[in-house]
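Here is a short briefing on one protein structure. Please look through the sequence and the model before reading on.

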Amino acid sequence: MSLRVRDEGRRKGMATSSGDDAVMIRLSDVHLKLASAAGEVNILRGLNLNVAPGERVGVAGPSGSGKSTMMMVVAGLERPSSGQVQVAGEDLTALGEDALARFRRARIGIVFQAFHLIPTMTALENVAVPLEFAGREDAFDRAAGSLAAVGLAHRLTHYPGQLSGGEQQRVALARAFAVQPSLLLADEPTGNLDGETGRQVIDLMFDLADRHSSTLMLITHDPALAGRCRRLVRLVDGRILGD
Ligand SMILES: Nc1ncnc2c1ncn2[C@@H]1O[C@H](COP(=O)(O)OP(=O)(O)OP(=O)(O)O)[C@@H](O)[C@H]1O
Ligand SMILES: [Mg+2]
């Protein structure tokens, strides 16, 4: 894969890399400050975290404590004000926008709380989009397979508005897993679902993660979901207080 070869070459030229295949996520003293109308806000205040490949980490903490922001930083969708973010041996803080986007597409699956499906596209098209961006010629076949894996083979041509909440969440999971990401990030994946549907989505997510040997980082208030993670990180006011 050309991306990997290029990244490999660049990594060799970097002084900072510690060549860590044993670490999937490494946050080193990550701070994030954002400007708001009321002045500067310290959202992340020195996060340090190591997550090994294949780990399942739950992230909990009060509303506003920085959980979603931390996830955005790990996903490379938000740049920290200071500190270092490494994912799968790659220093995200050193990558330019294009390289970062390529890395994200190839390695990271993201499930947002509000699904973020494109309303004018069918389930099949929604799942195929990131595959097409990633240059996969078999994008539609692969997307259909991914939807079948979440029990939605009979809903390929439905638009998000024609799907139930649980079905939309499963499309979002199919989309996130379609690229076989080494890291899956999910922000309250069961937050909008009833107990039984939530349980089905959890089973599905862990099953997919097992199948693809993905590392999982899940933000959740749901005790049923937190209970499935062997490790629980607790954020309070932009700091990790429990691990
Ligand atoms: N773009 C922004 N500009 C200024 N402040 C922001 C911005 N985005 C988030 N914040 C603030 O950062 C803090 C952390 O937000 P974040 O969304 O990470 O919280 P959270 O832990 O995910 O909360 P919840 O459980 O409610 O989803 C909040 O106080 C929020 O108001
Ligand atoms: Mg949040």
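The notes below cover helix packing, then the pocket, then the cavity.

This is a predicted model. Three helices, H4, H5 and H6, come up again and again. H4 meets H5, H4 also contacts H6, and H5 in turn meets H6. H4 also gives the most residues to the lining of the largest pocket.

**How packing is described**

- Two packed helices are described by the angle between their axes and by the distance between those axes.

**H4 with H5**

- Helix H5 spans residues 139-149, and its axis comes within 8 Å of the axis of H4.
- The two axes cross at roughly 125°.
- The crossing of H4 and H5 is right-handed.
- On the H4 side, the contact uses Ala123, Leu124, Glu125, Val127, Ala128, Leu131 and Glu132.
- On the H5 side, the partners are Ala139, Phe140, Arg142, Ala143, Ala144, Ser146 and Leu147.
- By class, this contact of H4 with H5 has ten nonpolar residues, one polar residue and three charged residues.

**H4 with H6**

- The axes of H4 and H6 come within 8 Å and cross at roughly 25°.
- Angles under 35 degrees count as roughly parallel, so H4 and H6 are roughly parallel to each other.
- H4 passes H6 in a right-handed crossing.
- H4 brings Ala123, Asn126, Val127, Pro130 and Leu131 to this contact.
- H6 brings Val171, Ala174, Arg175 and Ala178.
- The classes in the contact of H4 with H6 are seven nonpolar, one polar and one charged.

**H5 with H6**

- The axes of H5 and H6 come within 9 Å.
- They cross at roughly 130°.
- That makes H5 oblique to H6.
- The crossing of H5 and H6 is right-handed.
- Arg142, Ser146 and Leu147 of H5 meet Val171, Ala174, Phe177 and Ala178 of H6.
- The residues of this contact of H5 with H6 divide into five nonpolar, one polar and one charged.

**The largest pocket**

- The largest pocket has a volume of about 470 Å³.
- Its lining has 17 residues, and those closest to the pocket centre are Arg105, Ile108, Ile110, Pro130 and Arg175.
- Which element gives the most to the lining of the largest pocket? H4 does, with four residues.
- Sorted by class, the pocket lining has eleven nonpolar, three polar and three charged residues.
- Pro130 and Arg175 are among the residues closest to the pocket centre, and both also take part in the contact of H4 with H6.

**The largest cavity**

- How many cavities of 30 Å³ or more does the structure hold? The structure holds one.
- About 40 Å³ of space lies in the largest cavity.
- The residues that line the largest cavity are Val73, Gly76, Glu78, Arg79, Pro80, Val85, Leu92, Thr93 and Leu100.
- By class, the cavity lining has five nonpolar, two polar and two charged residues.

Methods: Residues numbered from 1 in each chain as written. Chains lettered and ligands numbered in written order. Predicted model: local features only at pLDDT ≥ 70, side-chain atom pairs only at ≥ 80, totals over all residues. Heavy atoms only, no water. 1 Å grid on protein atoms, 1.4 Å probe; cavity = no way out; pocket = protein on both sides within 12 Å on 5 of 7 lines; lining within 4 Å. Points joined across faces, edges and corners; volume = space filled by probe spheres on them. Helix = DSSP H or I, 4+ residues; strand = E, 2+ residues; numbered from the N terminus. Nonpolar A, V, L, I, M, F, W, Y, C, P; charged D, E, K, R; others polar. Axes fitted to C-alpha atoms, helices over the stretch in contact; angles between N-to-C directions. Left-handed = near helix turned anticlockwise from the far one by under 90°. Contact = heavy atoms within 4.5 Å. Parallel < 35°, antiparallel > 145°, perpendicular 65-115°, else oblique.
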